[in-house]
Amino acid sequence: MTAAAADHTPVAVLGADDARRIALRAQGLLGAPERRAGVRGVLRHLGAVQLDTISVLARSHELVPYARLGAVGRPAVEAAYWGAGGSFEYWSHAACVLPVEEWPLFAFRRRHYRDRGHLWGHQVAPATYRAVLDKLRAEGPLTSTELGGAKRTAEWWDWSDTKIAVERALAFGDVVCTERRSWKRVYALAEQAVPEALFGQDRSDEECVRTLVAQAGAALGVATRADLLDYHRLRAEQLDPVLADSGLVPVQVAGWGPDGTRAAAWADPAALATAPRGRHRTTLLSPFDSLVWDRARTERIFGMTHRLEAYTPKHKRVHGYFAMPLLAGGRLVGRVDPAREGRTLVARQVSLTGDRGGARHLEALAAALREAAAWVGCQDVRVEALHDERLRPALEKLLTE
């Protein structure tokens with residue numbers, strides 16, 4: 001622990017633009033992408049990639065590496081996540097795919113679930129729990145359907161006793177998901193699926209949290225205490241005792257406080273070692289991308305208030321069902337609500353920010369739409385609603401070049 005970290009004396013004062021560029025580089029969106037490391041490299045660096053059932057342009061876990069690496073093959077994305085023993089699913093920021101190296105670090109959460117004794121209010125008979133483990137031991141990895149049923153009824157929340165048991169075992173760490181088949185979790189005994197060197201590690205809660213805080217700090221570059229809490233959804237009483245000893249250093253960031261004042265934050269020392277430079281990625285971002293999944297941080301860094309409106313009644317939506325922020329030049333400059341109709345990528349609603357209706361961002365928008373269309377196998381792009389229709393002729397020309 002450095003003296004500065006011990007007493008929270010800031011080692012640097014960063015401008016808002018410096019902090020923004022540090023955050024972009026830390027998230028893999030500024031500078032040359034690490035293509036050799038591929039999707040697995042993105043996952044290892046971010047530490048967590050959020051999963052979600054919504055699939056419009058593609059599923060969110062596919063969009064995250066796409067945003068950083070470009071048009072990496074979608075089969076390669078799936079292969080990097082599942083079936084090769086390099087990752088597992090667990091509760092981090094939300095339901096996430098995590099590098100298998102992080103298995104020991106979530107022991108604190110597995111112990112918490114076990115101590116609590118139930119899962120989201122669901123109860124299950126001990127005999128059913130034992131039967132699930134016995135079946136997996138005898139037959140190997142299985143889906144919940146293969147185990148004996150996922151639901152009692154067609155309602156998504158109405159789990160069968162078997163599904164309750166296996167999800168409870170997943171939370172407790174007796175079972176692990178390292179593979180999916182047709183988007184169905186495949187469950188396996190953790191002792192068989194997790195590498196022995198990782199499965200056998202016994203880390204204290206404090207050690208787990210300290211390491212996860214350092215990992216979150218590296219993935220964020222520079223972060224407030226609230227940002228660090230949010231990344232892996234830690235509690236204050238877990239983070240506070242380890243923060244000063246996490247390896248992160250205290251800084252202040254101009255413009256992050258109320259009314260543009262300085263705010264206390266923590267930075268990865270490696271992020272401060274060199275100035276962030278390089279090419280900015282132009283891309284559409286999943287609303288669940290770790291660059292923007294923390295709405296308060298997104299507003300603080302980029303000045304954009306962004307909300308997922310998929311669960312908002314249609315007549316109340318402002319930007320669309322699955323509006324994806326447009327990243328260009330290191331800033332969030334607009335939103336696109338995408339859809340697919342055959343071989344056509346449809347931008348159901350597009351809005352840009354800035355003077356003159358965001359006209360200076362048209363080239364970036366067109367480039368992002370064309371690249372996304374090619375990635376998902378679409379030949380054409382159609383824009384339905386444009387926030388400023390005066391821009392349509394120029395945009396359509398760019399889209400056909």
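Visitor: How many bridges pair strand 14 with strand 15 (residues 380–386)?
Guide: In this predicted model, local features need pLDDT of at least 70, side-chain atom pairs count only at pLDDT 80 or more, and totals for chains, interfaces and linings use all residues. Residues are numbered from 1 along each chain as its sequence is written, and side-chain values use heavy atoms, leaving out hydrogens and water. Strands are DSSP E runs of at least two residues, and helices are H or I runs of at least four, numbered from the N terminus; two strands pair if DSSP finds at least two bridges between them. Strands 14 and 15 run in the parallel sense, and their bridges number six.

Visitor: Which residue of strand 15 is the bridge partner of Leu345?
Guide: Leu345 reaches across to strand 15 for its partner. That partner is Val381.

Visitor: Which residue in the turn between strands 13 and 14 has a positive phi?
Guide: Strand 13 (residues 331–341) runs antiparallel to strand 14, joined by eight bridges, with Pro338 opposite Ala347. The two strands form a hairpin with two residues between them. The turn residue with a phi of about 60 degrees is Gly342.

Visitor: How many residues of strand 14 (residues 344–352) are buried?
Guide: Buried means under 20% relative accessible area (1.4 Å probe, protein chains only). Strand 14 is largely enclosed by the rest of the structure because, of its nine residues, the number buried is seven.

Technical notes. Buried < 20%, exposed > 50% of the residue type's maximum accessible area, 1.4 Å probe, protein only.
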